[in-house]
Amino acid sequence: MNVTPTKQLHEWLEGAACIAQQAGDLIMELYEEQAYATYEKADQSPVTSADLAAHRFILQRLEELTPDIPVLSEEGAHLALEERQKWPRYWLIDPIDGTQEFVARSGDFTVVIALVEQHQPTLGVIYWPAGDKLYVAQRGAGAYRRDINGEQRLAVRKLEQPTTGPVTLAISRRQPRERVLQRMSPERQLSTVPAGSCSLKACLIAEGQADCFLRVGPTGEWDTAAADVIVGEAGGSIVSEHFKPLTYNEEDELGNPNFLILGDSAVPWQEIFIRHQTHPEA
């Protein structure tokens, strides 16, 4: 496969960023007017008519931006791996990451768009409509936050004492805390900062407001692809809880394993997240 020129990738990134913001405006209009219905998926997770409206909007706009690139959405049809493997590149989207937060009206939900090439996310866009903050990254070109104060390059927090100092854990508003804390070493001093969607927690780590996050439970590849680029370009990483890279478009199912989002690479994370080694199903 020919490598997409850097200039072309940048144009696609800017186009995707604009689409994410416009989708966010649509979502916020429905959110503020409470003009949406809530349904239950087969897996008992919630989906709303706002998710579906955002899905349709993003799909249409991406098809206008890049007519030859397929789009894979959490809320769309999921083709078999045999078909998906034919794609040299594709857009991977989550129209609303954090639907539970949307329904709970916490404001902690995002629009997520990523471009995946050769099983590797190369562009990432995360837009937080309630906070009007846009996070963008291009593989090899850095990660940035855009808000009312302008544009700022992102970098994970570097700990003064990476081997012994305290770390800040981004933690879910909805998951039981013990579900995560039982998998961590009790010997490391820990503080926590709550956040909603997985992508918002990733952004907290990319901008240095948190150092790590452990996700226990079902997620999809659309939950991590954009964050993979943004966190990686900010100096961090996303790995499975067994410290293996996440994969994209390589499995029949599109689910992720339990995963970690990590900041400062100088921290001995395998000494902090240790419980999976002895209790993999805990």
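Tutor: Residues are numbered from 1 along each chain as its sequence is written. In this predicted model, local features need pLDDT of at least 70, side-chain atom pairs count only at pLDDT 80 or more, totals for chains, interfaces and linings use all residues, and side-chain values use heavy atoms, without hydrogens and water.

Student: Why is Gln34 called exposed?

Tutor: Exposed means over 50% relative accessible area, buried under 20%, and partly exposed in between (1.4 Å probe, protein chains only). Gln34 has 52%, so it counts as exposed. Gln34 sits in the loop between α1 (6–33) and β1 (38–40).

Student: What makes the phi of Gln34 worth a look?

Tutor: Most residues other than glycine have a negative phi. Gln34 is not a glycine, yet its phi is positive, about 50 degrees. Gln118 also has a positive phi, near 50 degrees, and lies in the loop between β5 (110–117) and β6 (120–128).

Student: How do you know that helix α7 is largely enclosed by the rest of the structure?

Tutor: A helix here is a DSSP run of H or I with at least four residues, strands (E) need at least two, and both are numbered from the N terminus. Eight of the nine residues of α7 (residues 225–233) are buried, so the helix is largely enclosed. Among them are Asp228, Val229 and Glu233. Just after α7, Gly235 has a positive phi of about 105 degrees.
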